[in-house]
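Biologist: I am new to reading models like this one. Could you show me how to go through it, feature by feature?

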Amino acid sequence: MNRQPRALLSVLLLGIIAFTGWRWWSGQKPPADSGTEIVFSAASTRGGVLTSSLRSEPRSFNRWVDRNFPTALIAHITQGTLVRINRTTQAVEPALAESWTASPDNQTFTLTLRETSWSDGTPFTSADVLFTFKAVYDPKVNSILASSLQVKGQPLAVTAPDARTVVIRYPGPFGPGIALLDNLTIAPKHKLEAALDAGTFAQAWGVATPVNELVSLGPFVLSRYEPGQRLVFDRNPRYWKKDASGAALPSLDQLILEVVPDQNAELVRLQSGQIDMLQQQVRPEDIATLRPLAEQGKIQLLELGVGTDPDLFFFNLRPQQWAKDPRGSWMARKEFRQAISHAVDRETFANTVFLGAGVPIWGPITPGNQMWFSPNVPRYAHSIDKAKELLAGLGLANRDADEWLEDEKGTEARFTLLTYRGNSSLERGSAVLREELRPLGIAVDVVALEQGALTERMVKGDFEAISFFFSSSNLDPAMNPDFWLSSGSAHIWNIGQATPATEWEKQIDDLMQKMMSGTDQAERKQVFDQVQKIFAENLPVIYFVAPRMYMGVSSRVGSMSPTILRPQLLWAADTLTVRSPGDAGQGGR
Amino acid sequence: MGRYLLRRLGFALLLVLTVSSASLLLTHLAPGDVTTEQALLLDPAALARRRAELGLDRPLAVQYLAWLSGAVRLDFGRSLLYARPVNTLIGERALNTAVLAIAALVLATVIGLPLGVYSGSGARSLGRAAVRVASILALSVPPLIGSLALVFLAARTGWLPVGGMTSSGGVDLTWSQWLADLARHLPIPALALALPLAATLERLQSQAIARAVREPFVTASRARGLGRAEAVVRHAWPVSLRPVLGLYGVMIGSLFSGSFVVEVVTSWPGLGRLMYDALKARDLYLVAGCAASGAFFLAAGTWFADALLAVADPRVRSQEAP
């Protein structure tokens, strides 16, 4: 009989204990690691260890065949390119090529190589450059860099008159000019030639390769790889670059990438001071968590600006998709897409999906890409009436008692939207889209798939609509031809067309060819503005909001050059500094 | 006994083969393969060459038979993702998972069984009700929330490292320093795994011992003059272990095959994470290898639990004797 009161009493007791514990804990001083105010001297220091998170492990150290972000990041840290696009200014800077000249037609570039050596002491020469081109263009290698190192579908012709000179001849005029070479990570001939000859280049430099076999031209060398845990990079003593005062770079003694697969755990580690920076931008929902710490001076919340790779939404525009589908007569029409663009309130979208940290957009080039953004594209103001008018023009009306529109044959205005499971902005964005289209009478069935399945469906054309993201590594549209050209492998709404399926795609193809081969920057911009206009009129991809991006970094990190493109801070890892409390002679943590 | 062991070994091999084969075939049936993520970067011809290189262009039956001929010799092939032998990859991670699993198993046992005996063997009291409520709470909290709460606790207090298995300076440490470093990293993931298991053990043990103390032989032992505590420990507890030890088989299997959630949240480099990465990338052979390893541990765990039961419960020994 007395069982129930006792149980209740014990619950109450537990509650009291828990509450008291919480109050006590809240009243406690925060741990020494994160609580004591950090006071640093203003001057940058040399030396020290910087720890960043890495969300997934590298599958290979072979940058020439592996496309994953960890591999690309490791290449940024350890390898070199002939020239470098400065991610903050977009200017082309000398790197392993200390200077170059261009022919009057801007198709032949003669590069003078820097006198430097690989981390194992082997001299870097033009033979390495020739070898790299040979490897990238070898069909047996299947290099992911091959297509990005072509002009008009043709490879570049490379010769080397001597050990320090390389002549690169483009098969035709190319607008970005020598900036194209920013893609090309130089491979060590003395280490990888045997693999190329044996036809095993693609398997070389796997993650099981002993780290002393991996040589560097970049600021750091990989000194330790603990699978599943971390990668440790030591300063490359033979790195060629010096800072403004003439001191050898990199400034850091060591750079550590800690593998932290979970984004919540990653945030907790930054808060507790166990890592110095996040691998990528802070999620909108985490900004409020970090802001108080930023105000206390424990971390820096860097605003990078408006993102340049916004989430995108597109329909399948392959003619065969809709050939036998009764919805084809209106689903593939641009008026349908324009109606959707009108129906979505971009302010609501920004508030719901990005918690207010976003700006409305009407095309793939966002205000974050200042050089190429055009404000003069058709905009679709939020208007349900206008959207309904466009749908009525397609013969869609509510012909029965339910809330959905139907065409003349009674087919309901309904489509399935595939999205990427686990990506919070895409999942939220898809839910917002479904709710925004409901008042219009369009039903959206959202299906979240994991990334591999989604990509497979996209590539095979087995979908009706997709909400996805697409990362580009370069802001110049000429460097992303696969997206813009109808024949491109990333022309996601209708991949790899033999001939343009529509008149407007042909117009874009022609304009892009002109823009890619132009050498006058103002003229290129003008041509690309036209491309953006045609794109926004036809809306093969609909864009709603571009997020404002933030990076969370420990207060002890200095000399940063943050950029909107990944890797936002580690692209210039050679100049990063960390300040230890001891440098200031006061404070500590 | 020999026939019994042979029978169990045969069952274990069959289980390993069936589970790994099923995993391989199901992964094959899922859309996409390991080359899919390059589909937007490579042209179709290059993609086809890549698939051919990996042997993915062959019919499923051919791929499966090739894999099976290796698997029966315990060679699970090469990972398509990491281009390394599956056995090596599993070996590296299985050791890490085993360290975590053993710690969690010991913790769960040390916490769960005594509390279960305490809560089930006596009259109702405030203490016993508190144990019951705590167990129900621990059982109700999803592993993700439990792990995150512990990680948050570690970050807030600074008492323990937030994640990882060792510190970044681990390579320069002596053996004993390395062990101490490991011991500092172990409590958070081990507790995240152990708490729900301890709660399960407590509940099961509590009910089992409550039944056992009512058995006539326990009453008889009390009548012979044994104290209550002694009667419970010497007579009721061994008998009550039967359902509890049965659970150990499943627990060992699940712990040693890796917990994806706990390993991801606490950045523990174990088998759970490896299998998740393999599944995401559709690495057929690595998935099959991880599944085989999980099935092996399940079979081994069940066998171990049976052996423990035979030691603990005289009635089981007597059943096996003929």
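**Contacts and core**

Biologist: Which residues is Ala194(B) in contact with, leaving aside its neighbours within four places in sequence?

Modeller: Two residues are in contact if their C-beta atoms, placed from the backbone, lie within 7 Å. Ala194(B) has Ala104(B), Leu107(B), Ala108(B) and Ile111(B) as contacts, once neighbours within four places in sequence are set aside. Bear in mind that this is a predicted model: local features need pLDDT of at least 70, side-chain atom pairs count only at pLDDT 80 or more, and totals for chains, interfaces and linings use all residues. Residues are numbered from 1 along each chain as its sequence is written, while chains are lettered from A and ligands numbered from 1 in the order in which they are written.

Biologist: Which members of the largest nonpolar core touch the most other members?

Modeller: Start with burial. A residue is buried if 20 or more other C-beta atoms lie within 10 Å of its own, exposed if 12 or fewer, and partly exposed in between, with C-beta atoms placed from the backbone. A nonpolar core is a set of buried Ala, Val, Leu, Ile, Met, Phe, Trp, Tyr and Cys residues joined through C-beta atoms within 7 Å. Here the largest core has 247 residues. Leu82(A), Phe314(A), Ala104(B), Ala194(B) and Val287(B) touch the most other members.

**Where the chains meet**

Biologist: How many residues of each chain take part in the contact between A and B?

Modeller: In this model, 51 residues of chain A are in contact with 48 residues of chain B. Several elements of chain A each supply at least two residues of its side, including helix H1 (3-27) and helix H14 (451-460). H1(A) gives the largest share, eight residues.

Biologist: What kinds of residue make up the side of chain A that touches chain B?

Modeller: Sort by type. Ala, Val, Leu, Ile, Met, Phe, Trp, Tyr, Cys and Pro count as nonpolar, Asp, Glu, Lys and Arg as charged, and the others, Gly among them, as polar. That side of chain A divides into 22 nonpolar, 16 polar and 13 charged residues.

Biologist: Where is Ala30(B), and which residues does it contact?

Modeller: Ala30(B) sits in the loop between helix H1 (2-29) and helix H2 (44-54) of chain B. Beyond its neighbours within four places in sequence, Ala30(B) is in contact with Ala453(A) and Arg282(B). Ala30(B) counts as partly exposed because 15 other C-beta atoms lie within 10 Å.

**Sheets**

Biologist: What is the strand order in the open sheet of four strands?

Modeller: Strands of a sheet pair through backbone hydrogen bonds, either parallel or antiparallel. Two strands pair if DSSP finds at least two bridges between them. The order here is E4-E5-E9-E8 (chain A), paired antiparallel. Strand E4 (97-102) and strand E8 (157-162) of chain A each have a single partner strand, so one side of each is left without a neighbour in the sheet. The twist averages 20° from one strand to the next; axes are lines fitted to C-alpha atoms, for helices over the stretch in contact, and angles run from 0 to 180 degrees between N-to-C directions.

Biologist: Which helix lies across E8 of chain A?

Modeller: Helix H4 (residues 126-137) of chain A does, at about 165° to E8(A). H4(A) also lies across strand E5 (108-113) and E9 of chain A. E8(A) and strand E9 (residues 165-169) of chain A share four antiparallel bridges. One bridge pair is Val158(A) and Ile168(A).

Biologist: Which way do the residues of E14 of chain A point?

Modeller: Leu312(A) and Phe314(A) point one way from strand E14 (residues 312-315) of chain A. Phe313(A) and Phe315(A) point the other way, and all are buried. E14(A) pairs antiparallel with strand E18 (residues 465-468) of chain A over four bridges. There, Leu312(A) stands opposite Phe468(A). Two bridges join E14(A) to strand E19 (residues 541-542) of chain A, also antiparallel. Phe314(A) has Val541(A) as its bridge partner in E19(A).

**A covered helix and backbone details**

Biologist: How many residues of H3 of chain A are buried?

Modeller: Eight of the 10 residues in helix H3 (residues 69-78) of chain A are buried. Among them are Leu73(A), Ile74(A) and His76(A). Their cover includes strand E1 (49-54) and strand E10 (220-226) of chain A.

Biologist: Is the peptide bond from Leu249(A) to Pro250(A) cis or trans?

Modeller: That bond is cis, with omega near 0°. Pro250(A) lies in the loop between E11 and E12 of chain A. The bond from Arg566(A) to Pro567(A) is cis too, with omega near -10°.

Biologist: What phi does Leu355(A) have?

Modeller: Leu355(A) has a positive phi of about 50°, although it is not a glycine. Ala83(B), also not a glycine, has a positive phi of about 55°.
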